[in-house]
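Please read it with the coordinates open.

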Amino acid sequence: MVHDKHDAVLQSVAEATSTLTALPECADEIFLEGPRSRFAEFFTLLRVMRDFLRGFRTLHFVGPCVTVFGSARIPPDDPYYELARKMGAAIAQLGFTVMTGGGPGIMEAANRGAKEAGGRSVGCNIELPYEQAANAYLDLCVRMHYFFVRKALLVKYSYAFVVMPGGAGTLDELWNALTLIQTGKIKNFPVVIMGTDYWKELIDFMNKMAQRRMIADADISLIYATDSVDEAIAHIRSKAIEPFGLKRVARARRRRAFRWLGERGLCNDTINKAVSRGENGSKV
């Protein structure tokens, strides 16, 4: 009996140690592999909290964002790359900070467009053994260990999503946003889909879900599909700026409040034509 308890303690310590010393890209794998000792689960909780804290510190003062999703595998000579680049520039000119997953492909294009337009550009990256090296067009980038933390932060700091052609990760982010809107967790949150030829079957499938009463007819209107940058920007302006009481300011205000979590601002905090939260600037 004594030896059994001793062995159990040693196993718990070993599991907790492996949790703390594991490579960042293995964090999700360890978390999802099944229940571990309570000691190890406690240290996993601390790592999750650390991820959230890192995100709060980096993103709290970046200003209202519009997040652009899309494939990391699209090269610079692809037409969708150029569309994302133009969209990033237009979002920046509207006054929002452009947020992406911080990687290459569509994400790089949107960040690049924002930087070239003189706007703000941030990334919320994920630790992976491939594809997710941060691109060169970011003012700030935070690297997450856990996918679910990253997904939460991308929604928390965004006032709209722009979904470009992408794979499983892009679809995951799209359905996550639609589910949160459908269930009332976030309100007045525009989702723009661009690259309508690519998404045609998806749009048809959503219409099929509505016909079979799997979703409400009104849920179809949760997405706005267009290939026009001007139309997309007009939709974001009407759905994200006016309902939240956001307003354009000549210069973004520098925050003088005490930074409880060690928050950081962007290096270009005084960028012109920023969008500022009004009194009703909450999304929920």
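The points below concern a predicted model and run from the overall fold to individual side chains.

1. Overall composition. The protein has nine helices and nine strands. Of its 284 residues, 48% are buried. Among contacts with a separation of 6 or more, 73% join residues 24 or more positions apart. The protein exposes about 14500 Å², and 56% of that area comes from carbon and sulfur atoms.

2. Helix H9. This helix covers residues 229–241, and its 13 residues should span 18 Å at 1.5 Å a residue; the end C-alpha atoms lie 17 Å apart, which agrees. At the start of H9, a side-chain oxygen of Ser228 comes to within 3.4 Å of the backbone nitrogen of Asp230.

3. Surroundings of H9. The buried residues of this helix are Val229, Ala232, Ile233, His235, Ile236, Ala240 and Ile241. Their cover includes helix H4 (79–94) together with strands S1 (65–69), S5 (158–163), S6 (191–193) and S7 (223–225).

4. Asp139 and Lys115. The whole structure contains 11 salt bridges. In one of them, the side chains of Asp139 and Lys115 meet at 2.6 Å, N to O. The pair links distant parts of the chain, 24 residues apart: Asp139 is in the loop between strand S3 (121–126) and strand S4 (140–144), and Lys115 is in helix H5 (residues 106–116). Asp139 has 15% relative accessibility and therefore counts as buried, whereas Lys115, at 35%, counts as partly exposed.

5. Asp172 and Lys151. These side chains form a salt bridge at 3.2 Å, N to O. Because Asp172 belongs to helix H7 (residues 168–182) and Lys151 to helix H6 (residues 147–156), the pair ties together parts that are 21 residues apart in sequence. Asp172 counts as partly exposed, at 36% relative accessibility.

6. Asp217 and Arg213. A salt bridge of 3.2 Å, N to O, joins the side chains of Asp217 and Arg213. Asp217 is partly exposed, with a relative accessible area of 49%; Arg213, with 54%, is exposed.

7. A salt-bridge network. Which residues are linked in a network of salt bridges? They are Glu82, Arg85, Arg112 and Glu116.

8. A nonpolar surface patch. Phe42, Leu45, Leu46 and Met49 form a nonpolar patch on the surface, and together they have about 380 Å² of accessible area. Met49 is located in helix H3 (residues 38–59).

Definitions and conventions: Residues numbered from 1 in each chain as written. Predicted model: local features only at pLDDT ≥ 70, side-chain atom pairs only at ≥ 80, totals over all residues. Heavy atoms only, no water. Patch = residues over 30% accessible without salt bridge, like charges linked within 9 Å, V, L, I, M, F, W, Y side chains within 5 Å. Areas by Shrake-Rupley, 256 points an atom, 1.4 Å probe, with all protein chains shown as cover. Salt bridge = Lys/Arg side-chain N within 4 Å of Asp/Glu carboxyl O. Helix = DSSP H or I, 4+ residues; strand = E, 2+ residues; numbered from the N terminus. Buried < 20%, exposed > 50% of the residue type's maximum accessible area, 1.4 Å probe, protein only. Contact = heavy atoms within 4.5 Å. Expected span 1.5 Å × (residues − 1). Polar contact = N/O pair within 3.5 Å; in protein donor to acceptor, adjacent residues only side chain to side chain.
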